[in-house]
Amino acid sequence: MNKSTPNSLAKKPLRVAVAEVSATEITVQATYTSTIGIDVHLNLLVCTVQVQLDNHQELTESRDFYTNRDDLDKFAAWCKSKNPQIILMESTGSLWYSVYESLEDVGFTDKEQVLINARDAKAASVILDAKLRNTPDLALVIQNNCKRLRCSAEEIYSALSFKIEPQIANQLLAAKQKLLWLLEYDEESFERLRELHQAYDHYVKVLMSIPGIKERAARLLFAELCPNLEEHFLDSENFYS
């Protein structure tokens, strides 16, 4: 189970769930008509449920939960009340354990819960890119990139057997290109931060000794602080607060 949320964090308001109905449109034929997506963080669950309506509209509702025991129970009850056909969660390391267990406690099985690994998402991205570019050898691309995916090559090919209008495909490709640029910008910026921190790497390593704090979080924390911490914090309790 994840550690209880500190009082200072618990006081921050969570996102209020607001259901929104999309405009009438047809993009792709959905395999599941009701899905919950969960982004698992150390102290926060970011959740979105999407339901396909009969008139080609989609009902979308988002809500956040903390990861202490009480909120995990509320989260599981909320998921149960939405009655999704499938739940998808993306997580780093072991943070997903208690989330998965809380869903099992309310009746969800491994058939209804899917843990997404960034490695698998990369394979699905290659396949979708080939689909958007209308690649002639789509079947071969799927065959070469589906080994770690749950579905067979035949099932994936069947699921992608629909037409995408050229304008929509080009817009999605442009959005992907922008995302790649932002990721590259992020990596370059982080590398510059590493260079600026060279003289203070011993502080960064101390921050990384905190459970759940990796290099990126440690460097961002240090960037918000200062090299002479002892001049601003009387002791470790003050620093933690």
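Hi everyone, this is a short walk through one predicted protein model, from the overall picture down to single residues.

A word on the ground rules first. Because this is a predicted model, local features need pLDDT of at least 70 and side-chain atom pairs count only at pLDDT 80 or more, while totals for chains, interfaces and linings use all residues. Residues are numbered from 1 along each chain as its sequence is written, and side-chain values use heavy atoms, with hydrogens and water left out.

Let's start with the whole chain. It has 10 helices and six strands; these are DSSP runs, H or I of at least four residues for helices and E of at least two for strands, numbered from the N terminus. Of the 241 residues, 27% are buried. Buried here means under 20% relative accessible area, exposed means over 50%, and partly exposed is in between, with a 1.4 Å probe and protein chains only. The chain exposes about 16,400 Å², and carbon and sulfur atoms supply 55% of that. Those areas come from the Shrake-Rupley method with a 1.4 Å probe, and for residues only the protein chains shown count as cover. As for contacts (heavy atoms within 4.5 Å), take those with a separation of 6 or more: residues 24 or more positions apart account for 59% of them.

On to the charged pairs. The structure holds 10 salt bridges, each one a side-chain nitrogen of Lys or Arg within 4 Å of a carboxyl oxygen of Asp or Glu. In one of them, K82 meets E61 at 3.1 Å, N to O. K82 lies in helix α2 and E61 in strand β4 (residues 58-66), so this pair ties together parts that are 21 residues apart in sequence. K82 is partly exposed at 27%, whereas E61 counts as buried at 14%.

Helix α2 also holds a local pair. R69 and D73 form a salt bridge at 3.3 Å, N to O, and being four residues apart in that helix, they are separated by about one helical turn. Both ends are partly exposed, R69 at 24% and D73 at 41%.

Next, please look at helices α7 and α9. D186 forms a salt bridge with R216, with the closest N and O atoms 3.2 Å apart. That pair links distant parts of the chain, D186 in α7 and R216 in α9, 30 residues apart. There is also a network of salt bridges that links E191, R194, D201, E215 and R219. R219 sits in helix α9 (residues 215-224) and is buried, at 7% relative accessibility. Leaving out residues up to four places away in sequence, R219 touches F190, L193, R194, H197, D201 and V204.

L179, L180 and L183 make it up, with about 270 Å² of accessible area together. Patch residues have over 30% relative accessible area and no salt bridge; like charges are joined within 9 Å, and nonpolar side chains (Val, Leu, Ile, Met, Phe, Trp, Tyr) within 5 Å. L179 itself is partly exposed, at 49%.

Which residues of helix α5 (residues 138-145) are buried? They are L138, V141 and I142. Seen down the helix axis, they fall within an arc of 100°, so they line one face of α5; the arc is that of the directions from the axis to the C-beta atoms.

Finally, two loop asparagines. N83, in the loop between α2 (69-82) and β5 (86-90), has a positive phi of about 50° although it is not a glycine, and N83 is exposed at 60%. N134, in the loop between α4 (118-132) and α5, also has a positive phi, near 55°, and is exposed, at 65%.
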